[in-house]
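Here is a short walk through a structure. Keep the sequence and the 3D view open as you read.

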Amino acid sequence: MDLQLRGRRVSVFGPDEGIVAACRRVLLAEGAVLAESSSGDSYPEADVVIAVGGVRPGSDLLEISDPDELYAAWDDVTNAVDAYRAALPRMLDQKWGRFIWVGSAQAKSVDAEADELAAMASLGMLGLHKVITGEVGSNAITANAVLRGGIATDEDVANAVTFLCSEGAAYLSGITITVDGGAGSGIF
Amino acid sequence: MDYGISGRVAIVSGGSRGIGRAIATTFAHEGAKVVIASRTLSNLEETLAELEEIAPGRVHGIAASMTDPESVARVVAESRDRFGPISIAISNVIGHVIDAAKEGSGPGAGTFEGMGTEAYREEFTQLLISSWALARACVPDMQQQGWGRICNIGSGVAREPSTNLPHLLPNVVRAPVAGMHRLMAARLASDGITVNNILTGSILTERNRSYWVWLARERNITVAEATQDMTDRIPLGRFGEPSEMAALVAFLCSDRARMVTGQSIPVGGGGSAHL
């Protein structure tokens, strides 16, 4: 299937290098090009912004004693917001854009994965995506999330991300695709 | 019904007004020892005088910030010194939005396009750090007793973000707070501690009334029209009273609700859409 991503300028960033690299690889294979600026922290020329959240395996909200650890996880959210907002004017201007967050499946089901800080950050992004959908969705800008759990590989995640970037996903916004091999047991 | 909380020590943050005050009042009637904490001493004194009549010698008030973890720890220590180990913790700190509504402008009400990330951090402190700090400070007491109740007064936007109003910050931060309580519930279940979260819907508080004034101005309609518009969206056809919210919270904190944990429950007159 032609995903109609040829020439789309994509920006992928985040602390998880494996996922970032896999997303780039799959998207470039579909004809997309990288939009990264040399300064590295702002991407005003992107059609597609993919923010990958950090992983802190086994993180336990009750074990943490220093609130700075919570703020550090929250920085994943605010970094995503900064990148999203930097790209927004271009997307509004051309009436096309994709925002994608890659986070933890534990945001939807406690048994999917054990990374409570990542789940917390992801839930914030899901709320944000609903806001973005309501605010700018009519400009053919979508905001969706891929939640990884189980033993999903970087490639599994990148495939779902790439689908959400495609024209076939134009009517999907504010949704999540959980890529966890069926590990989570929550229905809603 | 005997809720089985007579003699239990309860802390209610934001306990001097509105929903927090109604919860503190219900606990006082049920025989608990109640500590209310709030930033404003004058509100606190008025509410304390009222509670003292219901529960002489069983109420205490502390003027303190409930968003700073060190200050929260001090409140918990002072409560313990006064009444003994903590059994019930109610986190009830509001975000910026309603405050902003009162002022008519401010950091809370805003849009994705217009809002910078510093405000996200403030809202995170206000809503998530506050409830995390209170739970964390109280859990050791609860574990020692093998009995505890943690309940957060959250918002319906955790599950259904409001996108017809410029409420960016609560829409983003309320869901993480609900999720945090679900995750804590899983961690604490084996200690006899339940953790639940209220999805506040349409409850009549002073803050809500001031919000309608702001909304009316924003939409160039009368306050009566704004109120009617909000009321028409509620299947039960009316706003709830803070005491009706307190009734659910008291049940969740009772011994009878010992099997109910990890839940986010709406109190909104049937206004929530999710299944």
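Helices (H or I, at least four residues) and strands (E, at least two) are DSSP runs, numbered from the N terminus. With that in hand, find A:Asn159, which sits in helix α4 (residues 154–165) of chain A. This is a predicted model, where local features need pLDDT of at least 70, side-chain atom pairs count only at pLDDT 80 or more, and totals for chains, interfaces and linings use all residues. Residues are numbered from 1 along each chain as its sequence is written, while chains are lettered from A and ligands numbered from 1 in the order in which they are written.

How confident is the predictor? pLDDT gives that confidence for each residue, from 0 to 100. Chain A averages 93, and 95% of its residues score at least 70.

Now look at where the chains meet. Two residues are in contact if their C-beta atoms, placed from the backbone, lie within 7 Å. Chain A brings 27 residues to the contact and chain B brings 29. On the side of chain A that touches chain B, α2 (67–94) and α3 (116–136) of chain A each supply at least two residues. α3(A) gives the most, with 13 residues.

Turn to chain B. It has nine helices and seven strands. Of its 275 residues, 53% count as buried. Its C-alpha atoms fill a box of roughly 55 × 35 × 35 Å, taken along the principal axes. Among contacts in chain B with a separation of 6 or more, 75% join residues 24 or more positions apart.

Finish with one pair of helices. Which residues of α3(B) meet α5(B)? They are B:Pro69, B:Val72, B:Ala73, B:Val76 and B:Arg80. Their partners in α5(B) include B:Ile129, B:Ala133 and B:Asp141. By class, this contact has nine nonpolar, no polar and two charged residues. Here Ala, Val, Leu, Ile, Met, Phe, Trp, Tyr, Cys and Pro count as nonpolar, Asp, Glu, Lys and Arg as charged, and the others, Gly among them, as polar.

Methods
pLDDT = per-residue confidence, 0-100. Buried ≥ 20, exposed ≤ 12 C-beta atoms within 10 Å, placed from the backbone.
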